[in-house]
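Q: Take me through the helix packing in this one, please, and the charged pairs that go with it. Give me the cut-offs as you go.

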Amino acid sequence: MSRKYRKTRPRVSESDVLPTEHCTELYPHESIIASIKETADKLKQDQATRGDLKILDRALKELRYAFKVFTPYRKQRKVTVFGSARTLPDEPAYQQALHFGRRMAEEKWMIVTGAGPGIMEAAHVGAGTDMSMGVNIMLPFEQEPNYVIHKDEKLVNLNYFFTRKLLFVKEVHAIVCCAGGFGTQDEAFETLTLVQTGKRDPMPIVLLEAPGGSYWKDWKTYLEENLLRQELISPEDLSLFHITEDIEDAVDEIIGFYSVYNSMRYVNGRLVLRLHVEPSNEFVEKLNNEFNDILESGIITKVEAHELEMDDEHLVNLPRISLLFNRKNLGRLRQMIDRINAELAPNHDDEEDEEE
């Protein structure tokens, strides 16, 4: 079967991972470090408790080390795989996660997991050690990283779930959730919340159904019958995730999202989308007509790279469009990105992958 989006561009992610919201100027590293030190000094003035100080100290140490580990791989596309630690190697879901990990590694994407057994181990087995990264949680009961990532330099051990969960979402470009327990549900809902509220840039969220299973289909039915029916979410919020049991469909959903779209930033209050393909004036006009409901004011226009984007030199020459986004309709923004990818992405089936 021909796949329209089978085109991976390795090492084209942002090298300086930043929050979605950006300052009006690029502050030097020294001033930011000075601000961190000033905050630490205020803890003494506040007479912070020993317990509070220990939490801050441990969290800062964990994040500092984790950022050090992830930094060399920042330009490389990565996908986090969530799922049950109880899934056994002879179960179809384990083999499915293994196959998915192998396919993404073949597409030159790295696999990030919680480094444990079950689905986490399966995805790492498929990807292999070189294409795997692990974010392990240390628990009161015995918890050992799986044999694929054990003692690898790309493994980070963390004491806090909140620092671990930050890395799962901040450092990657897609999320895949297999069936799992409370932890998987927590991770799925937190990722959706961050994307829905704009605290995390849009990215593919794939809910991978086990062969013949109904775990995520039943989950979606719950959303529709309880959240959507009571207008607790909007219809376009259902565009933020994709349910499938087809591995190739999951791979295409992820790669397809980045077939034209690269990344986004807010620059002086305007949302800038970086693209791999120059849109025509006619296509930009189509976007204005179809998605004017997400504009605070003005229109969508083509722009050049702003000086505040110069921290990622390898992305400076990418085409861009800019809009004054209302920062509310994130589901509609996802639909606009899908439209851009669907209409501007060429068929790359017969081309080789681009290198940096």
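This is a predicted model: local features need pLDDT of at least 70, side-chain atom pairs count only at pLDDT 80 or more; totals for chains, interfaces and linings use all residues.

A: Start with helix H3 (residues 92-106) and helix H8 (residues 247-257): their axes come within 10 Å and cross at roughly 40°. That makes H3 oblique to H8 (under 35 degrees is roughly parallel, over 145 roughly antiparallel, 65 to 115 roughly perpendicular, the rest oblique). Axes are lines fitted to C-alpha atoms, for helices over the stretch in contact, with angles of 0 to 180 degrees between N-to-C directions. Helices (H or I, at least four residues) and strands (E, at least two) are DSSP runs numbered from the N terminus.

Residues are numbered from 1 along each chain as its sequence is written, and side-chain values use heavy atoms, leaving out hydrogens and water.

Next up are helix H2 (residues 50-70) and helix H5 (residues 161-170), whose axes also come within 10 Å, crossing at roughly 25°. H2 and H5 are therefore roughly parallel to each other, and their crossing is right-handed.

Arg74 forms a salt bridge with Glu171, with 2.7 Å between the closest N and O atoms (the cut-off: a side-chain nitrogen of Lys or Arg within 4 Å of a carboxyl oxygen of Asp or Glu). Arg74 sits in the loop between H2 and strand E1 (78-82) and Glu171 in the loop between H5 and strand E5 (174-177), so the pair ties together parts 97 residues apart in sequence. Both Arg74 and Glu171 are buried (under 20% relative accessible area; exposed is over 50%, partly exposed in between, with a 1.4 Å probe and protein chains only).

For contrast, look at Lys286 and Glu343, a salt bridge with closest N and O atoms 2.9 Å apart. Lys286 lies in helix H9 (residues 281-290) and Glu343 in helix H10 (residues 330-344), so the link joins parts 57 residues apart in sequence. Lys286 is partly exposed at 43% relative accessible area, as is Glu343 at 39%. A search of the whole structure finds 26 salt bridges.

Technical notes: A crossing is left-handed if the near helix is turned anticlockwise from the far one by less than a right angle, and right-handed if clockwise.
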